[in-house]
Amino acid sequence: MFKIFIYTTLFFSLFTFSQNTIKGKVTANNEILAYANIYIKELNKGVETNENGLYEIANIPNGSYTIIASYVGFRPERKKVNISNEPNYILNFNLIEDANVLDDVVVSGTLKPVSRMETPVPVEVYTTAFLKKNPTSNIFEALQNVNGVRPQLNCNICNTGDIHINGLEGPYTMVTIDGMPIVSSLSTVYGLSGIPNSLIDRVEVVKGPASSLYGSEAVGGLINIITKKPINAPLFSADIFSTSWLETNVDLGFKSSIGKKAVTLVGINYYNYNQPIDNNNDNFTDVTLQERISIFNKWNFERKNNKEFTIAGRLFYEDRWGGEMQWNKSYRGGSEVYGESIYTKRVELLSKYQLPTTEDMYLSFSVTAHDQNSVYGNTIYLANQKIAFGQYTWDKKLENHNLLLGAAFRYQYYNDNTTATLSAEQTKIYSVFLQDEIKLAEKHHILLGARYDYNNNHGNIFTPRIAYKWNPTENDVFRINAGTGFRIVNLFTEEHAALTGSRDVIITEDLKPETSYNINLNYLKKIRFENGIFLGFETSAWYTYFNNQIIPDYDTNPNQIIYSNLNGYAQTLGISGNIDLVTPFGLKAILGFTIMEPKNMQYGVSSTPVLTEKYSANWAITYDIPKWFLSIDYTGNLYGPMRLPILGDLDPRPEYSPIWSLQNVQFTYKKFRSFELYGGVKNILNWTPNKGTPYLIAGADDPFGENFDATYVYAPNQGIRGFLGIRYTIF
């Protein structure tokens, strides 16, 4: 009798309090979407879908609610529902892929998660869906279709390079992993390879100085590679492709639960190219031969109150060489046959720990060790670099203020065998920073920030910033940003030209830190038409002014590279635009353009900087044919002429590059649940920089002659090639 009473009471209580359950499935392009987020806005309550794309949220009171389904790389879908005494309310979602989602949560602009529409700092987001449109073996090549971002090769023989943002050279671009400065200085040249694409969640790009938050090297911009959270990653993933040049790339990822409190994610990248090719008939390899392996491991630990604790590490080894076709390792370091051989070893460790306090406080650190053994002909370059970085941040929210306070310390050790480094260089930078986002009114926000750094070599450095954001409507954002940046002197760690060829290196003075001043105007517009078409438009105009810029002078004496602080100034004025189109009939497109006017003023004489284009365009166009289970991707870029570092008036090579374009097409077959088959053609125009040029490498017949130079390079020598690959995923 007592049990009957209890059961009756519970049954009556369920109806009295009207607790309901919402359940359903989330798909993307009519395929299950595991680990998507389902969120009830009014209740601040949510769950993730399981490996079969299913979800269930119980104990929901009667009422009207907004249910939001979201997943990185897809346009969020919102549905309004009225729930009333329904034990099982079925609600399904089918998300539409959007390679440049305007509602993504970003962290790079302000060092904390915020909607892209809400941040006062313009941030561009590129997800794995975008990276897959032109499959590459490393993130360096993957960025070639990002507007205003250009991977720049620095050597025709060893094919090392860096990343240019809005015309500024690679040393002014900071590259981070999960916000930690992993890739910088020496590793800017070599460390961009081998980050497993299978572990990348998205790439965030900030154009313009970010030194007030990120310190030295974030002068021209920031590229932040966000890795996947282990809990959201698939159980296993594989992405394997090969090309008609016999390049092979393998990306593997798998996760595992360790007990009840930890989840670990492992990513492995292996790349091999061992087929010397000389299509331009200069007796030098067109593409550097490489063997590379990178192992990345990330751990997430479950803590009370969902406090964050992650640890990640990476091991990297690469063996690359380029040179005369008859070169082999028996010639390494000698003068009989010319070759450039580089052995690179890297170890990286990073972590983020949320303190067990009621306030949002975090401790983060990263440690890297980079060892390099390189030979350029008979010139030996041995370098060792170690960087330790620690940071504390406190995110404090007040009524109309959102404060971020932080302190950081960076230690850098660098030593090499060049005459410029007589003893090991040890640099220490102590930093404090403060940022306040103030809500002036409902649609008006202003962000004030400042950073103070003390460098043991250069003393006090102060970098302020200010940003203003106005949302006249929920689909329009106006932004204006102004700030400063600085970069401490790091010459040989980034300047490949100083280590190769016959040019003498001349340093005329004690080099001072470079400083920049930037102002950026940005407008973003979203339009959603009733027929399901989505159109996003974003445009920016900027002006950057440099003091003390260190520019290698190739012109004064063709046999020398002269380094000094610019006696004058450098400036860049530009405008760029992005268009993002998504249609319900399978067509998606991302289009971008950049136009800029760079100028160096030295002793009252104006000149155009080398290796800087005045205009460029990028595109990624996708057409889905569901009944054929087929997607077609057409990607490409176009660059205007840029001035090249020729060896004086007698050099027969053109002083300016022609207009050039790299274009690719890919076909992806998606009929199978866990498999994707893809293939296509890269560089369909078969464009290479040797066309119309007598030779690219000066003195190719006599590589140890006085005019030997391999720095006349602005684009890859690799022509048309096919590729074929497979992706396999288990959720």
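**View A. Cys 155 and its closest cysteine sulfur.** Cys 155 is buried, at a relative accessible area of 0% (buried is under 20%, exposed over 50%, partly exposed in between, with a 1.4 Å probe and protein chains only). Its closest cysteine sulfur is that of Cys 158, 3.5 Å away and too far for a bond. Cys 158 also counts as buried, at 1% relative accessibility. The structure holds zero disulfides, a disulfide being a pair of cysteine sulfur atoms within 2.5 Å. The model is predicted: local features need pLDDT of at least 70, side-chain atom pairs count only at pLDDT 80 or more, and totals for chains, interfaces and linings use all residues. Residues are numbered from 1 along each chain as its sequence is written, and side-chain values use heavy atoms, with hydrogens and water left out.

View B. Phe 409, Tyr 430, Val 432, Tyr 452, Tyr 454 and Phe 462 make a nonpolar surface patch of about 580 Å². Strand S29 (425–441) and strand S30 (444–455) are the elements that give two or more residues to this patch (strands are DSSP runs of E, at least two residues, numbered from the N terminus). Patch residues have over 30% relative accessible area and no salt bridge, and nonpolar side chains (Val, Leu, Ile, Met, Phe, Trp, Tyr) are joined within 5 Å. A salt bridge is a side-chain nitrogen of Lys or Arg within 4 Å of a carboxyl oxygen of Asp or Glu. Accessible areas come from the Shrake-Rupley method with a 1.4 Å probe, and for residues only the protein chains shown count as cover.

**View C. Aromatic rings.** The whole structure has 20 aromatic pairs (ring centres of Phe, Tyr or the six-membered ring of Trp within 6.5 Å; planes under 30 degrees apart are stacked, over 60 edge-to-face, the rest tilted). One of them is the tilted pair of Phe 409 and Tyr 430, at 5.0 Å centre to centre and 45° between the planes. Phe 409 is in strand S28 and Tyr 430 in strand S29, so the pair ties together parts 21 residues apart in sequence. Trp 299, Phe 301, Phe 309 and Tyr 353 form one aromatic cluster.

**View D. Charges over rings.** Arg 727 lies over the face of Tyr 678, 4.0 Å from the ring centre. The charged end of Lys 682 sits over the ring of Phe 723, at 5.2 Å from its centre. The criterion is NZ of Lys or CZ of Arg within 6 Å of the ring centre and within 35 degrees of the ring normal.

Definitions and conventions:
Patches are made of residues with over 30% relative accessible area and no salt bridge: like charges are joined within 9 Å, nonpolar side chains (Val, Leu, Ile, Met, Phe, Trp, Tyr) within 5 Å. Helices (H or I, at least four residues) and strands (E, at least two) are DSSP runs, numbered from the N terminus.
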